[in-house]
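Here's a quick tour of a protein fold, written for someone meeting it for the first time. Have a look at the picture, then read on.

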Amino acid sequence: MGNCHNSSSAKVDTALNSGISKVSGKTGSYSYPSSLTISTHSGGSSSIDSITTPRSEGEILLSPNVKPFTLMELKNATRNFRSDGLLGEGGFGYVFKGWIDEFTHLATKPGSGIAIAVKKLKPEGFQGHKEWLTEVTYLGQLHHPNLVKLIGYSSEGHNRLLVYEYMPKGSLENHLFRRGPQPLPWATRLKVAIGAARGLAFLHDAKDQIIYRDFKASNILLDADFNAKLSDFGLAKAGPTGDRTHVSTQVMGTHGYAAPEYIATGRLTTKSDVYSFGVVLLELLSGRQAVDKDKVGIEQDLVDWTKPYLGDKRKLFRIMDTRLEGQYPQKSAYIAATLASQCLSTEPKTRPRMSEVLASLEELQDARSVSKDRRVLSSPVPRSPVGHRQRRLTPLASPLSTPRQSTTQVR
Ligand SMILES: Nc1ncnc2c1ncn2[C@@H]1O[C@H](COP(=O)(O)OP(=O)(O)OP(=O)(O)O)[C@@H](O)[C@H]1O
Ligand SMILES: [Mg+2]
């Protein structure tokens, strides 16, 4: 998870039927789609051509859409991966800010050219070469305003790096769970949910469907205007083809976000992503993390804790983020909570499709529906039965030595 705090979410990596649990790296077996054909997405400025994924690794890495960088070029761009340019840390490695010329892609002085984010694989190999390659394969070919842009990559010896567009507002996780002075207002939360839903709907509605598999607040990055973009395609998987209803795969993802039926059976569908979306929607409403070991009892698990309140208009305030101080339209919050509840249905078939989720959220954003709702509370709502406990957080650009307890994986 992001660098800004000690997250308690843990990666799920459950070998099917093994019954064995152990902490491990985010590694897993991957099969690359032999053919990735993406249909045109209506209404977006997405680039969507029929793309055939090259079969060999060499061909994938020769993709014209992404630039191969040398390690030296990225060292120069990040001033040798200086710790004061550290943007965050995840299971894959560390992410550093750098600068390159927009056209030549050569390193520039900080502040000139374009900013980039360089993700450097940890030497011990967490997340692994295969996920790195999956990410280059997918993000190198998918272009959509709600997917982070992959500019290039580097592969020299054991070093594996990814070069992304820099997202000035960092991850949603940092904004929601960092106890800074400016909590995200309701309208921004809705905007982020819509952007992320649009990204997922794009993947699900592609001619050759893609299941994202790692939807969570830390993988939703934000540009200067809080437009949301999905990052981290290392776990992405081609959807079922022909008459198949699901893809059978090793269970991977993050505890608290992964759908229960997927964890139990390894059967992956787009509805697994819809479940994860429901969890993030709850995080947006409540300002609480999917799994929070600092809480007591049922409150450790956001889905379990919020369940009794989602369908009850009068009790919903109990799980709403107290940092909103009641500044949200009650009706909109109730509709969003109902939507989250539908996404979290234990029966995957009854969960809505992402395109439906998107349409519902867009309706909420509609100015008319907001203006119709006059019940914005002027004073803070009563606090939840158990108030928020402040988390101790490290600053955004924390030194590399900052201890980190997040992103363990369970196999
Ligand atoms: N393109 C980017 N622009 C700006 N900041 C970024 C970018 N990519 C990542 N970051 C920052 O780096 C942090 C770590 O990202 P990373 O994807 O490595 O890990 P994670 O998503 O937090 O965890 P995990 O590895 O479990 O997915 C993010 O939370 C974000 O703050
Ligand atoms: Mg990430």
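Before we talk about how two helices cross, here's what the angle means: axes are lines fitted to C-alpha atoms, for helices over the stretch in contact, and angles run from 0 to 180 degrees between N-to-C directions. Keep in mind that this is a predicted model. The protein has 11 helices and 18 strands, and buried residues account for 45% of its 411 residues. Of the contacts between residues at least 6 apart in sequence, 72% link residues at least 24 apart.

**Two helices side by side**

- The axes of H5 and helix H7 (residues 270-286) come within 11 Å and cross at roughly 175°.
- Since angles over 145 degrees count as roughly antiparallel, H5 is roughly antiparallel to H7.
- Who meets whom here? On the H5 side you'll find residues including Arg189, Val192, Ala196 and Leu200, and on the H7 side residues including Asp273, Phe277, Val280 and Leu284.
- An α-helix has 3.6 residues a turn, so residues three or four places apart point the same way.

**A closer look at H5**

- Helix H5 covers residues 186-205, which is 20 residues.
- From its first C-alpha to its last, H5 reaches 28 Å, close to the 28 Å expected at 1.5 Å a residue.
- Is H5 mostly enclosed or open? H5 is largely enclosed by the rest of the structure, because 16 of its 20 residues are buried.

**The six-stranded sheet**

- One open sheet has 6 strands in the order S5-S9-S10-S8-S7-S6, and the pairing is mixed.
- At the edges sit strand S5 (67-68) and strand S6 (86-89), each pairing on one side only.
- Strand S7 (residues 93-100) runs antiparallel to S8, and 8 bridges join them.
- One pair to look for is Val95, whose bridge partner in S8 is Lys119.
- Helix H3 (residues 128-139) lies across S8, strand S9 (150-156) and strand S10 (159-165), and runs at about 30° to S10.

- Which residue does UniProt list for "binding site"? In an unreviewed entry, UniProt lists Lys120.
- You'll find Lys120 in strand S8 (residues 114-121).
- Lys120 has 19 other C-beta atoms within 10 Å, so it counts as partly exposed; a buried residue would need 20 or more.
- Leaving out residues up to four places away in sequence, Lys120 touches Phe81, Gly93, Tyr94, Phe96 and Leu161.

Methods:
Residues are numbered from 1 along each chain as its sequence is written. Chains are lettered from A and ligands numbered from 1 in the order in which they are written. This is a predicted model: local features need pLDDT of at least 70, side-chain atom pairs count only at pLDDT 80 or more; totals for chains, interfaces and linings use all residues. Helices (H or I, at least four residues) and strands (E, at least two) are DSSP runs, numbered from the N terminus. A residue is buried if 20 or more other C-beta atoms lie within 10 Å of its own, exposed if 12 or fewer, and partly exposed in between; C-beta atoms are placed from the backbone. Two residues are in contact if their C-beta atoms, placed from the backbone, lie within 7 Å. The expected span of a helix is 1.5 Å times one less than its number of residues. UniProt positions are given in the numbering used here, feature names are shortened, and annotations may be inferred rather than shown by experiment. Two strands pair if DSSP finds at least two bridges between them. Angles under 35 degrees count as roughly parallel, over 145 as roughly antiparallel, 65 to 115 as roughly perpendicular and the rest as oblique.
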